[in-house]
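Please read them next to the coordinates.

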Amino acid sequence: MTHFHICLLPFLANWYITPAERELLANCQLIRRFVAGIIEDRKLQTSTGGRDDLLDIMLADPLFRNSVDKTIDEILTIFFAGSQTSANVSQNLILHLCQHPEYKAKVIDEISTQNSELDFYTQCFNEAMRI
């Protein structure tokens with residue numbers, strides 16, 4: 001069962017909402033409140049110096065400075081896009097290492113010898129990102 005209409009068309013939640021969708025909505029609100037708290041804390045810290053990271057850059061931008069909702073949306077987009085990218089890269093790497101046992105053996109050997117550089121593994125990971 002899909003619950004996309006709550007995320008994409010939140011006004012439908014008043015007419016069509018199941019227990020699972022109520023839970024989804026509550027979780028979305030919890031995440032948004034958590035991120036809003038981080039933003040408010042950062043606004044206070046920014047006045048005393050800041051960290052010079054992406055959130056500070058966003059809070060300095062007039063587009064985001066006065067809109068907590070826009071800032072939350074942007075942060076969540078970046079966060080979830082990044083986690084999805086990492087998952088896809090890991091999945092591609094595992095798939096291709098299984099398809100090429102000679103490379104899999106080389107990666108396992110490199111990891112088991114505790115080579116701090118992990119040059120071959122890094123090359124494989126970068127190739128998986130390229131794919």
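1. Leucine 118 and its loop. Leucine 118 lies in the loop between α6 (101–112) and α7. Helices here are DSSP runs (H or I, at least four residues; strands are E, at least two), numbered from the N terminus. The phi angle of leucine 118 is near 50°, which is a positive value in a residue other than glycine. Leucine 118 is partly exposed, at a relative accessible area of 25%. Buried stands for under 20% relative accessible area, exposed for over 50%, and partly exposed for what lies in between (1.4 Å probe, protein chains only).

2. Basis of the values. This is a predicted model, in which local features need pLDDT of at least 70 and side-chain atom pairs count only at pLDDT 80 or more, while totals for chains, interfaces and linings use all residues. Residues are numbered from 1 along each chain as its sequence is written, and side-chain values use heavy atoms, with hydrogens and water left out.

3. Aromatic pairs. The structure holds three aromatic pairs. Rings of Phe, Tyr and Trp (its six-membered ring) pair if their centres lie within 6.5 Å; planes under 30 degrees apart count as stacked, over 60 as edge-to-face and the rest as tilted. One of the pairs is phenylalanine 79 with phenylalanine 80, edge-to-face, at 5.2 Å centre to centre and 75° between the planes. Another is tyrosine 121 with phenylalanine 125: the ring centres are 6.2 Å apart and the planes stand at 35°, so this pair is tilted.

4. Tyrosine 121 and phenylalanine 125 both belong to helix α7 (residues 119–130), where they are four residues apart, about one turn of the helix. Tyrosine 121 is partly exposed at 27% relative accessible area, and phenylalanine 125 is partly exposed at 26%.

5. Nonpolar patch. Which residues make the nonpolar surface patch of about 300 Å²? The patch is made by Ile31, Phe79 and Phe80. Patches consist of residues with over 30% relative accessible area and no salt bridge, with like charges joined within 9 Å and nonpolar side chains (Val, Leu, Ile, Met, Phe, Trp, Tyr) within 5 Å. The accessible areas come from the Shrake-Rupley method with a 1.4 Å probe, and for residues only the protein chains shown count as cover. Phenylalanine 79, found in helix α5 (residues 68–99), is exposed at 53% relative accessibility. Phenylalanine 80 counts as partly exposed at 42%.

6. Charge over a ring. The charged end of lysine 106 sits over the ring of phenylalanine 120, 4.4 Å from the ring centre. The criterion is NZ of Lys or CZ of Arg within 6 Å of the ring centre and within 35 degrees of the ring normal.

7. Arginine 32 lies in helix α2 (residues 19–46) and aspartate 69 in helix α5, so the bridge ties together parts 37 residues apart in sequence. Arginine 32 also forms a salt bridge with aspartate 73, where the closest N and O atoms are 2.8 Å apart. Aspartate 73 lies in helix α5 as well, so this pair ties together parts that are 41 residues apart in sequence. Arginine 32 is partly exposed at 26%, aspartate 69 is partly exposed at 49%, and aspartate 73 is partly exposed at 39%.

8. Glutamate 127 and arginine 130 meet through their side chains in a salt bridge (2.5 Å, N to O). These two residues are three apart in helix α7, about one helical turn. Glutamate 127 counts as partly exposed at 34% relative accessibility, whereas arginine 130 counts as exposed at 60%. Elsewhere, salt bridges that share partners join Arg32, Asp69 and Asp73 into one network.

9. Aspartate 56. Is aspartate 56 buried or exposed? Aspartate 56 is buried, with a relative accessible area of 9%, and its place is in helix α3 (residues 54–60). A polar contact of 3.5 Å joins its side chain to that of arginine 42. A polar contact is a pair of N or O atoms within 3.5 Å; within protein, one must be able to donate a hydrogen and the other to accept it, and residues adjacent in sequence count only if both atoms are side-chain atoms.

Conventions:
Salt bridge = Lys/Arg side-chain N within 4 Å of Asp/Glu carboxyl O.
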